[in-house]
Amino acid sequence: EPAPELGDWVGHLVTLPWKLIFAVLIPPPGALGGWLCFACALVVIGCVTALIGDLASTLGCCAGLADEVTAITLVALGTSLPDTFASRAAAMADSTADNAVGNVTGSNAVNVLLGLGLPWFVGAVYWRQQGATPEWAARVGADMVAAYPDGAFVVRAGSLAYSVTVFSTGAVVCLSSVVLRNRLGYALGGPSQELVSAFFVVLWLGYVTLSIINSAAEAAAERRDAGAGCAQSQRGLKPARTRTHLPVRTGDVESAWK
């Protein structure tokens with residue numbers, strides 16, 4: 001086994017507090033056939049992912065980034081780090097790329113189907129039982145109150161369609177390249193692996209860039225609409241009252257508002 005290098009020591013010292021925490025919270029793999037360790041590991045991973053997501057959201061808020069930009073950059077990077085390291089370990093340890101690629105696709109399936117479906121289901125059941133409360137009406141707006149007078153779980157889409165379209169296009173291109181390389185005999189590694197890796201990074205940067213541009217354009221359009229509505233409301237106001245001087249008796253004030 002080769003001697004550890006400087007980078008190995010730095011990584012060990014940085015992750016040492018987490019290793020100690022996990023050593024205390026996660027039981028040994030031999031307990032109950034490994035199922036207890038598996039269940040505890042899932043709970044700890046979920047807690048760490050939630051913590052990273054909250055920290056990333058706070059950082060984006062402090063930096064003045066839009067919620068959409070924070071979600072696809074800081075939060076996405078923070079919550080995807082465990083999947084990235086797991087895929088790297090699978091790619092290095094296994095003789096095939098099945099586990100590495102399957103980990104990524106499986107993680108995305110859980111995020112989309114379970115990570116979105118379960119909260120939406122709980123929210124739909126909750127607001128179905130609550131009905132159209134004043135809190136709900138103030139949150140969703142008058143148009144949704146008119147559309148759902150009995151109350152419903154409402155989440156406005158925003159730029160979801162555009163973002164999903166760009167992501168789906170990049171995902172199809174990425175998976176198509178993986179299938180093509182698999183037909184050539186290597187899904188990971190092989191000739192031109194640096195170029196393929198750079199191509200995947202460019203796909204991600206393109207997705208982020210296009211999403212940020214679209215978010216900025218929508219924010220600018222909302223500001224223009226708000227400015228136009230403010231100008232129209234100001235033109236419809238009556239002229240402001242002016243202060244005039246009136247003849248007054250001694251002891252009274254020397255001016256009044258008319």
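Start by selecting helix α4 (residues 98–114) and helix α5 (residues 117–130) in this predicted model: their axes come within 5 Å and cross at roughly 10°. Angles under 35 degrees count as roughly parallel, so α4 is roughly parallel to α5.

Next, zoom in on the residues where the two helices touch. On the α4 side, pick Val112, Leu113 and Leu114; on the α5 side, they meet Gly117, Leu118 and Pro119. Colour this contact by residue type and you will find five nonpolar residues, one polar and no charged.

Now turn to the surface. Which residues form a nonpolar patch there? Select Trp18, Ile21, Val24, Leu25, Leu51 and Leu55. Together, these residues have about 600 Å² of accessible area.

To see where the patch comes from, show α1 (6–25) and α2 (35–62), the elements that each give two or more residues to it. Helix α1 supplies the largest share, four residues. For a last stop, click on Leu51, a patch member that is found in helix α2.

Terms used:
Residues are numbered from 1 along each chain as its sequence is written. This is a predicted model: local features need pLDDT of at least 70, side-chain atom pairs count only at pLDDT 80 or more; totals for chains, interfaces and linings use all residues. Side-chain values use heavy atoms; hydrogens and water are left out. Axes are lines fitted to C-alpha atoms, for helices over the stretch in contact, and angles run from 0 to 180 degrees between N-to-C directions. Angles under 35 degrees count as roughly parallel, over 145 as roughly antiparallel, 65 to 115 as roughly perpendicular and the rest as oblique. Contact means heavy atoms within 4.5 Å. Ala, Val, Leu, Ile, Met, Phe, Trp, Tyr, Cys and Pro count as nonpolar, Asp, Glu, Lys and Arg as charged, and the others, Gly among them, as polar. Patches are made of residues with over 30% relative accessible area and no salt bridge: like charges are joined within 9 Å, nonpolar side chains (Val, Leu, Ile, Met, Phe, Trp, Tyr) within 5 Å. Accessible areas come from the Shrake-Rupley method with a 1.4 Å probe; for residues, only the protein chains shown count as cover. A salt bridge is a side-chain nitrogen of Lys or Arg within 4 Å of a carboxyl oxygen of Asp or Glu.
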